[in-house]
Amino acid sequence: MVVLGGGFAGIGAARKLKDVDVDVVLVDKHDYHTFQPLLYQVATDLLPPATVGHALRDLFHEQSNARVHKATTAGIDLEKSEVRFADMEPLVYDYLVLGLGAEVNYFGVEGAAEHAFPLYTLPDAVRLKEHILERWEAADKDPSLVDDGALNVVVVGGGATGIESAGAIAELYRAIFVDDYPDIPQENARIILVEAGPEIFAMFKTSIRRYAEKALEQRGVEVLVGEIVESITPTRVSLKSGTQIPAHTLVWGAGLQANALVLSLGLDLEKGNRVVAEPDLSVTGHPEVFAVGDIAWVTDTKTKKVLPQLGSTALQSGEHAGENIARLVEGKKTEPFKYFDKGTMATIGRGAAVIQMPRGRTMKGKAAALAWGSVHLALLSTGEDRAKAVIDWTWAGFTHERPARITVRTDDT
Ligand SMILES: Cc1cc2nc3c(=O)[nH]c(=O)nc-3n(C[C@H](O)[C@H](O)[C@H](O)COP(=O)(O)OP(=O)(O)OC[C@H]3O[C@@H](n4cnc5c(N)ncnc54)[C@H](O)[C@@H]3O)c2cc1C
């Protein structure tokens with residue numbers, strides 16, 4: 001069994017095969033699993049990269065039938081049951097799990113691919129962190145850069161990624177940089193959240209949206225709704241309405257599309273090029289191939305609803321695909337996928353989170369922040385990762401410190 005991708009989906013699938021008589025080969029282009037929900041904390045110096053990236057090999061020490069390879073998938077021949085890699089010999093499979101995730105969709109916005117800062121991978125988070133630190137250091141030496149917008153950040157997208165990033169950047173600025181750079185007035189460092197739709201947090205109830213707007217405003221984030229980004233240069237963001245914002249940083253949290261590899265497979269694709277998964281999560285015409293997580297268009301067979309690209313969807317769909325492969329190996333029939341909805345949550349900043357339960361109950365503020373923290377801690381790969389995150393969060397909670405805000409470069413002396 002070949003599993004492509006070591007995200008929640010791929011890991012979930014591989015782990016379900018632990019006690020089954022198969023050889024499991026998991027391949028990822030990185031040698032680590034990325035915990036995407038906390039990437040914004042790396043970008044804003046709250047957590048070091050090693051807390052949200054965990055060695056993939058380490059996760060399979062206890063699974064004797066599993067092997068991990070670091071290699072980049074270059075192509076898949078569904079007819080020959082073969083996967084080609086850019087840097088490894090091809091693998092032939094009996095069963096294949098497609099868990100290659102998604103990639104950023106810039107929707108053709110001019111200059112976005114060149115100048116925007118996405119937040120989808122660990123290198124993305126480190127790049128953004130280093131860029132923000134570099135801009136503040138540059139402005140510290142040359143104050144004229146401040147008037148040019150060197151410290152302004154435009155965050156595109158009023159969903160969870162955009163809101164969490166805007167809130168965290170605001171706290172970094174208002175609680176830390178205010179003391180790090182006492183000669184630079186904070187009012188000259190704007191954080192602007194731009195959302196094309198009429199409201200931020202469209203997936204949440206009205207009371208949560210109002211709460212989020214207020215929490216962002218309290219942190220000094222300007223929220224612009226009904227505005228569409230038209231083009232980006234390294235120092236300017238132009239909106240369709242004609243407004244031009246001087247900003248040297250644009251964080252892109254506005255959209256995803258499935259991994260581009262799917263375009264060559266001849267499979268049924270849905271919105272965002274997601275591979276349509278059958279009720280048992282196999283792909284049409286290939287009962288031996290399963291599509292799971294962000295790469296897939298997964299429908300909950302209980303509610304008939306298409307599921308959002310979330311960690312819980314990825315983990316549950318990956319695990320279900322693994323269980324179905326186990327059934328096939330044992331000569332049994334596959335089962336349809338039923339999603340267990342545990343609710344949706346997001347955080348806006350310290351002590352400010354929101355939760356919407358499956359039946360519509362909501363939670364906001366400190367209690368929601370505590371619940372958010374414990375859920376995310378529980379999802380981190382190992383006890384060691386959890387301990388590291390707790391120490392960093394507790395430290396930051398008491399001291400407001402961001403210990404990870406140093407720049408270490410390998411090309412430095
Ligand atoms: C900033 C951010 C915040 C989020 N916050 C939340 C949240 O709070 N709650 C929540 O539930 N969800 C959240 N999500 C969504 C959630 O993280 C994803 O839905 C989930 O991680 C998808 O898992 P996956 O396994 O499908 O894909 P991924 O985790 O993306 O894994 C895909 C893997 O495939 C590998 N890969 C890609 N291309 C290749 C290739 N060509 N060859 C080899 N390997 C390859 C990648 O390296 C990666 O490890 C967030 C996402 C982001 C980006």
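**Exposed and buried residues**

Mentor: At 55% relative accessibility, Phe 107 counts as exposed, because the cut-off for exposed is over 50%. Keep in mind that this is a predicted model.

Trainee: In which loop does Phe 107 lie?

Mentor: Phi of Phe 107 is near 50 degrees, a positive value in a residue other than glycine. Most residues other than glycine have a negative phi. The loop that holds Phe 107 lies between strand E10 (102–104) and helix H4 (112–115).

Trainee: Is Phe 201 buried or exposed?

Mentor: Phe 201 also has a positive phi, near 50 degrees. Its place is the loop between E13 and helix H8 (206–218). Buried means under 20% relative accessible area, and Phe 201 has 0%, so Phe 201 counts as buried.

Trainee: Does Tyr 32 count as buried or exposed, and why?

Mentor: Tyr 32 is part of strand E3 (residues 32–34). Its relative accessibility is 18%, which is under the 20% cut-off, and therefore Tyr 32 counts as buried.

Trainee: How many Å apart in space are Tyr 32 and Glu 222?

Mentor: In sequence, Tyr 32 and Glu 222 are 190 residues apart. In space, C-alpha to C-alpha, the separation is 36 Å.

Trainee: Which strands are the edge strands of the open sheet of five strands?

Mentor: The order of the sheet is E11-E18-E12-E13-E14, with parallel pairing. An edge strand pairs on one side only. The edge strands are strand E11 (117–118) and strand E14 (221–225).

Trainee: What is the bridge partner of Thr 344 in E26?

Mentor: Strand E25 (residues 344–349) pairs with strand E26 (residues 352–356) in the antiparallel sense, over five bridges. The two strands form a hairpin with two residues between them. In the turn, Gly 351 has a positive phi of about 65 degrees. The bridge partner of Thr 344 in E26 is Gln 356.

**Domains and ligand**

Trainee: How many Å apart are the C-alpha centres of domain 1 and domain 2?

Mentor: The domain assignment gives domain 1 (2–29 + 71–103 + 256–329) and domain 2 (112–254 + 344–399). The shell around the ligand draws at least three residues from each of these domains. The C-alpha centres of the two domains lie apart by 31 Å.

Trainee: Which helix gives the largest share of the shell around the ligand?

Mentor: Helix H1 (8–15) and helix H9 (311–329) each supply at least two residues of the shell. The largest share is three residues, and the helix it comes from is H9.

Trainee: Which residues come nearest to the ligand?

Mentor: By class, the shell has nine nonpolar, 16 polar and three charged residues. Of the 28 residues around the ligand, those that come nearest are Asp 28, Gln 36, Thr 73, Asp 294 and Gly 311.

Methods: Residues numbered from 1 in each chain as written. Predicted model: local features only at pLDDT ≥ 70, side-chain atom pairs only at ≥ 80, totals over all residues. Heavy atoms only, no water. Near = heavy atom within 4 Å. Helix = DSSP H or I, 4+ residues; strand = E, 2+ residues; numbered from the N terminus. Nonpolar A, V, L, I, M, F, W, Y, C, P; charged D, E, K, R; others polar. Domains from an automatic or database assignment. Pairing = 2+ DSSP bridges. Buried < 20%, exposed > 50% of the residue type's maximum accessible area, 1.4 Å probe, protein only.
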